[in-house]
Amino acid sequence: MRTNKAVELMLKASAILVVMVLIFIFSFIFFKSLPFITDNQLSSLFVDDGWYPTTNNFNLFPIIVGSISIMVVPLLLSAPLGILLALFCRYYAPKSLAKVYIALIELLSGIPSVVYGLWGVLVLVPWIGQYAPPGASLLAGWIIIAIMILPLMVICVDNQLALVPKKWLSGAQALSITRWGTIWKIVLPSCISNISSGLILQTGRALGETMAVLMVCGNIVQIPTSMFDPIRTLTANIALEMSYATEMHVSVLFMSGLILLLMTSILMSLAYAFKRQPVE
Amino acid sequence: MYKFKNIIIIIIGLTFCVSCNNNSKTKIELTGSSTVAPLIMEIGRRFERLNPHILINVQTGGSSRGINDIKNNLSNIGMISRELKDNEAEFTEHTIAWDGITVILHKENNVKQLSHQDVLNIFTGKIKNWQKVGGVNKKIVVINKAEGRSTLELFLKHFGMKNSDVEADIIVGDNQQGLNMVAGSPLSIGYVSIGAAIFEAENGMSVKLIDIDGLESKLSNVRNGTFPILRPLNLVTRGQTSKEVMEFINFAQSAAVSDVINQHYFVSTNANK
């Protein structure tokens with residue numbers, strides 16, 4: 001009993017600690033952006049004449065659009081591919097091949113984003129630049145992000161597939177339902193909501209990705225009119241300017257961090273809404 | 001049990017390390033310009049070897065941070081890659097070297113020369129095609145720097161532009177990123193510190209330097225003061241400073257480090273005398 005008490009105390013303490021950290025981060029970012037909120041109208045983030053923070057022009061809107069646009073397309077590109085790859089590994093590939101394949105994909109997910117970024121600058125950007133200069137563009141960002149989140153998607157889908165009860169599969173086999181029929185009518189319907197929830201969480205990574213995006217997207221503050229236009233994301237904006245910023249510029253960067261936090265929270269609650277209890 | 005023992009030994013070891021550093025060494029904190037920092041790190045290492053009781057700590061973050069940290073007493077010395085402004089009279093500057101800013105193109109670009117007006121027109125978007133300045137019939141990719149960087153301020157000042165006048169296609173952060181970006185896109189034009197550009201061009205990077213206002217982009221022109229876009233690399237202090245800080249500044253300005261400065265392709269102040 002005594003050890004149980006100690007364990008319980010430790011668990012409670014760590015639970016409280018995590019909540020404290022979260023509250024601390026929220027309030028820190030909020031107080032740091034307070035000078036901007038009190039001195040300027042929030043609408044200036046959307047109506048000002050461009051983003052020139054050193055001369056008090058704080059139009060963040062194109063950067064928010066940039067962040068959203070860099071997130072949506074890679075999700076659409078890599079989600080179907082991720083689902084197909086995971087299905088292949090679990091139901092079609094020979095066991096030994098599937099094992100190696102999953103190991104490779106896990107390795108791929110461990111590559112630091114700056115490495116992807118470097119490859120992007122030296123290979124991808126010049127290649128796109130041949131057809132549509134400047135090359136550093138929304139498209140380059142999409143490709144890099146899609147490659148980066150694909151392994152995460154495969155792993156996430158594979159984990160959900162592993163939770164499908166074995167007896168369902170053997171039952172389907174006993175009824176001599178085809179493999180694809182089993183997948184289409186039994187496996188996918190049972191876990192599609194959890195898969196969607198996982199995929200949305202991975203999209204959060206695309207939103208938070210900084211280094212690779214900063215390197216390949218060109219960082220021009222504008223609303224893109226084509227996929228060959230360079231864009232700037234909220235994260236890249238903070239990374240580019242924070243260490244050089246002073247006074248109100250710092251505050252507006254924290255404000256953009258607050259907006260980023262808000263967007264992540266929306267994604268999280270979306271993922272939560274999709275999630276179902278595991279099936280019996 | 002073995003693991004546990006090891007951990008304890010490591011912890012004890014670390015405690016010793018930390019305590020001996022804290023007790024016997026005087027720390028000099030420097031923050032500021034990413035152009036000056038690599039140079040100061042090397043000078044600092046040499047200074048530490050000569051004065052083992054001193055620890056030199058260098059952090060980058062741009063000239064603005066250099067000024068700000070010294071104002072808020074977060075550092076002992078600020079590093080800035082420009083002159084002090086009129087509203088910064090409370091500080092004292094100590095010039096350790098000179099640097100120029102030059103315009104760079106991709107190595108395979110066949111444009112040889114750009115006049116002052118050409119560069120101005122390209123960066124303000126009045127010339128958008130290389131053909132107009134004697135190159136191929138392709139779009140010009142303009143690479144600009146992010147807000148707050150001193151290279152940006154100096155470049156804009158020399159060409160009499162505002163940042164909102166510049167029609168850029170790509171925005172980069174530091175010198176290295178600018179060089180990488182130009183080396184990676186054959187149609188681009190950018191501007192970086194002349195020292196870094198010469199170093200990378202000589203080490204095989206696909207960039208080339210072009211003349212500024214008709215003057216060749218080479219170090220001798222920086223040295224004799226004729227190069228048009230010049231800037232001092234300054235150490236900045238505020239008010240009374242400690243003996244150690246003054247010693248370090250004198251060391252950084254002395255002929256004893258001019259070889260380090262040359263290695264970084266900057267021009268030592270001693271060469272002017």
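Which residue forms a salt bridge with K85(B)? That would be E153(B), with the closest N and O atoms 3.7 Å apart. A quick note on the views: this is a predicted model, where local features need pLDDT of at least 70, side-chain atom pairs count only at pLDDT 80 or more, and totals for chains, interfaces and linings use all residues. Residues are numbered from 1 along each chain as its sequence is written, chains are lettered from A in the order in which they are written, and side-chain values use heavy atoms, with hydrogens and water left out.

**View 1. The two domains of chain B.**

**View 2. Where the domains of chain B touch.** Here 14 residues of domain 1 meet 13 of domain 2, contact being heavy atoms within 4.5 Å. Together they bury about 1,000 Å² (accessible area, 1.4 Å probe, lost on being put together, summed over both parts). T35(B), Y265(B) and V267(B) supply 52% of what domain 1 buries here. The rule finds one salt bridge across this interface (a Lys or Arg side-chain nitrogen within 4 Å of an Asp or Glu carboxyl oxygen).

**View 3. Chain A against chain B.** Chain A brings 22 residues to the contact and chain B brings 26. About 2,000 Å² gets buried between them, 61% of it on carbon and sulfur atoms. On the chain A side, Y52(A), P134(A) and Y244(A) supply 32% of the buried area. Salt bridges between the chains come to zero.
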